Amino acid sequence: MEVSGETSGGDAAALSSQLGRGAMRGRRMIPSTPENIQTRPENLITKQGSTGSNVMLQANYFKLLATTDWCLYQYRVDFAPEEDRTAVRKGLLKLHREILGAYVFDGTVMYSSRRLQDKMEIWSRRTSDEHKIRITIRLVGEMEKVDQRYLQFFNIIMRKCLALLNLQLVGRDYFDAHSKVEVRDFRLELWPGYLTSIRQHEKSILMCAEIIHKVMRQQTLLDILNDCYKQDKLDYETSFENQVIGLVVLTDYNNNTYCISDVDFDSSPDSTFQLRTGEKISYREYYRNKYQISITNASQPMLVTRLKPRERRAGQAELVYLVPELCRATGLTDAIRDNFHLMRTLAEYTRVSPAARIDKLMVFNRRLRGNPSIVRELDEWNLHLDEKLVDVPARFLQPEKIVLGSGRTVSAGQFADWTRELHNKPLYNIARLTNWVVICVGRMRRDVERFIQTLKESASGMGFRIDNPRLWDIVDDRSNTYSDTLERVMSTSNPELIFCVVSNNRADRYSAIKKKCTHDRPVASQVFLAKNLTNKGIRSIATKVAIQLNCKLGGAPWSVELPPINLMVVGYDVCHDPADKSRDFGAMVASLDRSLTRYYSAVAAHTTGEELSDEFGESLEKAVLCYRQVNKILPSHIVIYRDGVGEGQVPYVYKHEVDDIKAKLNKLYGDPSTIKLAFVIVTKRINTRLFYNQNNPPPGTVVDDIVTNPLRYDFFIVSQSVRQGTVTPCAYNVIADSTGWKADQMQRMTYKLCHMYYNWSGTVRVPAPCQYAHKLAFLVAQFVRRPPSARMQSLLYYL
């Protein structure tokens with residue numbers, strides 16, 4: 001018998017990393033997972049709203065009709081003589097499956113549904129040397145059904161079921177290589193897959209199931225190496241390293257994935273390494289003997305990958321060398337993302353319509369319930385999956401009223417898009433542009449002049465007066481040319497806005513312009529692509545540009561109907577610096593007026609590597625003081641929408657960030673009872689999908705039951721209209737609330753704010769302060785890489 005690394009009791013590797021070996025003490029489990037920390041405010045009576053029309057939706061969840069309802073026992077397993085290889089330890093224990101019953105084993109700790117003796121000894125024979133191994137099993141703890149972490153076992157068992165469907169594990173998720181779609185024009189493969197998560201929801205334990213996709217490139221790393229050599233023969237090694245280090249690759253000969261950590265240009269397929277037997281062999285011979293693969297290129301360097309700790313504990317070497325021509329790249333590169341035609345081709349497969357998604361989910365359900373091995377595995381743990389999607393009660397909110405200039409109101413409409421309503425109607429708050437400069441290459445001048453005329457006409461129809469600009473011609477479109485011209489313009493005049501026309505969207509040029517206009521010489525700026533000067537939809541483009549210019553000068557195109565209170569809404573998000581992965585930029589945006597149209601902004605860099613910022617409280621304090629300066633009164637209500645928080649960071653935000661903000665506000669206000677504060681965590685990347693009669697639910701759909709978390713004050717809102725694919729709702733988790741608002745008021749205010757992002761005359765996925773904060777954090781992290789000037793802090797210069 002060859003001892004294999006697979007266990008019939010289940011894959012416990014994921015469990016050991018989630019629970020840790022010290023997670024149980026005696027017979028009590030320490031509850032410390034982010035999911036089971038109660039953040040629901042104690043004063044909340046109900047989190048269900050009431051406004052809107054009641055409807056019934058479906059969600060991508062299946063109910064667990066029966067679950068394990070017995071005690072689970074924890075055992076310590078020791079081997080004598082000692083066996084360091086986890087795969088072998090699993091294989092030795094697997095021989096006694098009939099005695100042990102259903103179990104999960106991570107190489108040291110075993111979890112079993114069967115109550116064994118407090119201490120027992122069994123014997124196995126190791127096939128590699130026929131040596132007899134004594135296995136000692138000791139009872140060290142137990143876990144009752146009420147323990148929250150019992151759910152982790154259900155997830156591990158479900159992952160084993162995915163493996164039993166012959167799905168391929170790529171990274172953390174399972175994909176169906178047999179159902180791959182080939183995109184031959186671009187040498188890509190698209191692998192469909194499944195993602196599952198079992199959790200306790202409001203009334204039941206539910207399994208969320210989502211359809212996912214993985215892009216697998218048919219391009220090998222040898223192809224990438226050859227491309228690098230063709231582009232730069234002198235420095236191709238550096239270029240190759242930059243492209244492949246950190247890349248996840250797939251090796252078809254064993255269907256494994258590896259993350260490349262280095263490139264060894266001193267090694268080649270003819271280099272030798274030592275087998276466990278002590279014999280030395282070249283990589284070329286090894287692959288020929290073991291996989292019947294002939295390596296064709298003898299001069300290619302070897303790729304280096306570091307194995308995971310559990311694989312090293314299994315007796316494998318820490319470093320593994322891979323052959324580039326046998327490694328396929330996975331994922332998307334920036335060049336692929338910039339290829340419009342390729343992304344559109346991929347979208348035909350990845351943007352799955354609601355009806356098609358439901359069909360795929362039901363096929364997945366039938367595969368799980370129809371596979372004998374899976375049925376047997378689930379039966380052993382008393383797990384039974386419902387055959388239909390869960391029904392979810394929801395509400396459709398009425399379309400919002402958009403407030404324009406002179407108090408005129410228009411309906412946002414069924415699809416939450418009021419673009420047509422803006423034409424020839426006055427904006428809510430109008431600025432005036434009298435002194436501005438346009439910089440462009442001389443050959444574009446005629447097209448630029450025509451566009452300026454169209455821009456003035458479009459702006460005039462909305463009550464926004466734009467005077468003629470001064471035009472500065474430049475000889476070329478290099479980054480330095482724009483920087484030097486901006487410096488000359490700003491040193492000889494003081495324009496309200498600078499309008500730069502560029503030939504393409506090169507990042508270095510855009511970065512140079514924004515650095516100059518936000519930090520060195522602070523002034524409102526607009527960068528405009530030359531190809532749009534002659535676009536067929538030039539009138540629509542001019543209208544959008546006019547709205548942007550109005551906002552950047554302190555104006556506002558519209559508002560919504562709001563309660564008559566001194567309300568401040570705040571958004572916060574974090575973006576990582578791509579050039580320095582240890583540095584992040586946190587951006588905070590806070591409203592300064594009762595109509596929520598003016599905003600204060602602050603950006604701070606921090607090097608913790610986490611999406612948490614100590615500067616948040618200090619920035620909010622400055623924003624509140626600025627609000628008082630504008631309105632002669634402090635805000636009575638502050639609602640904070642916090643983006644950029646991962647699941648594991650919720651406890652930190654709940655216990656530290658909120659308390660720090662409360663302390664600063666209490667000090668500022670003096671009397672804590674005078675400030676009403678709500679803190680809402682916003683999560684965009686979720687796996688929940690909602691269906692209404694096999695279609696997408698309309699904007700304004702609210703879900704606050706069945707698929708929500710009983711330990712949280714949470715809800716979902718579908719705020720945007722989606723015409724392709726399946727809409728993704730946004731999740732909101734209110735972790736602190738002293739406003740006294742009912743759940744209905746909190747949900748409606750959140751939806752109202754989704755109408756207030758001025759770059760789009762329709763609703764966006766998240767409340768406008770969050771979107772503004774994201775826009776600002778992205779601009780600074782990607783292009784400016786330094787905090788903008790304080791002179792810009794009360795303008796929407798980052799639109």
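Two strands pair if DSSP finds at least two bridges between them. Strands are DSSP runs of E with at least two residues, helices are runs of H or I with at least four residues, and both are numbered from the N terminus. On that basis, strand β4 (residues 72-80) and strand β8 (residues 131-143) run antiparallel and share nine bridges.

The model is predicted: local features need pLDDT of at least 70, side-chain atom pairs count only at pLDDT 80 or more, and totals for chains, interfaces and linings use all residues. Residues are numbered from 1 along each chain as its sequence is written, and side-chain values use heavy atoms, with hydrogens and water left out.

**Whole chain**

The chain holds 20 helices and 39 strands. Its radius of gyration is 30 Å, close to the 28 Å that the globule rule gives for 799 residues, so the chain is as compact as a globular protein of that length. The radius is taken over C-alpha atoms, and the rule is 2.2 Å times the number of residues to the power 0.38. The C-alpha trace spans about 90 × 70 × 50 Å along its principal axes.

Of the 799 residues, 54% count as buried. Buried means under 20% relative accessible area, exposed means over 50%, and partly exposed lies in between (1.4 Å probe, protein chains only). A contact means heavy atoms within 4.5 Å. Among contacts with a separation of 6 or more, 72% come from residues 24 or more positions apart.

The chain is divided into five parts: domain 1 (69-143), domain 2 (152-216 + 339-393), domain 3 (218-331), domain 4 (430-553) and domain 5 (563-684 + 733-792). These bounds come from an automatic or database domain assignment. The centres of domain 1 and domain 3, taken over C-alpha atoms, are separated by 36 Å.

**Strand pairs**

Strand β8 also pairs with strand β7.

| Pair | Sense | Bridges | Residues opposite |
|---|---|---|---|
| β7 (119-126) and β8 | antiparallel | eight | Met120 and Ile137 |
| β25 (436-441) and β28 (497-502) | parallel | four | Ile439 and Cys500 |

**A four-strand open sheet**

Strands β25 and β28 belong to an open sheet of four strands in the order β27-β25-β28-β29, with parallel pairing. At the edges stand β27 (470-474) and β29 (524-529), each with a single partner strand, so one side of each is left without a neighbour in the sheet. From one strand to the next, the twist averages 20°.

Two helices pack on this sheet. Helix α13 (residues 445-461) touches β25, β27, β28 and β29, and its direction makes about 145° with that of β25. Helix α16 (residues 538-552) touches β28 and β29, at about 165° to the direction of β29. Axes are lines fitted to C-alpha atoms, for helices over the stretch in contact, and angles run from 0 to 180 degrees between N-to-C directions.

**Two threonines**

Thr305 is in strand β18 (residues 302-306). Thr305 counts as buried because its relative accessibility is 2%. A polar atom of the Thr305 side chain lies 2.8 Å from the backbone oxygen of Cys259.

Thr257 is in strand β15 (residues 256-264). Thr257 has 25% relative accessibility, so this residue counts as partly exposed. Leaving aside neighbours within four places in sequence, Thr257 is in contact with Leu169, Val170, Gly171, Val248, Val249 and Leu250. Thr257 and Thr330 are 73 residues apart in sequence and 9.2 Å apart in space, C-alpha to C-alpha.

Note on methods
A polar contact is a pair of N or O atoms within 3.5 Å; within protein, one must be able to donate a hydrogen and the other to accept it, and residues adjacent in sequence count only if both atoms are side-chain atoms.
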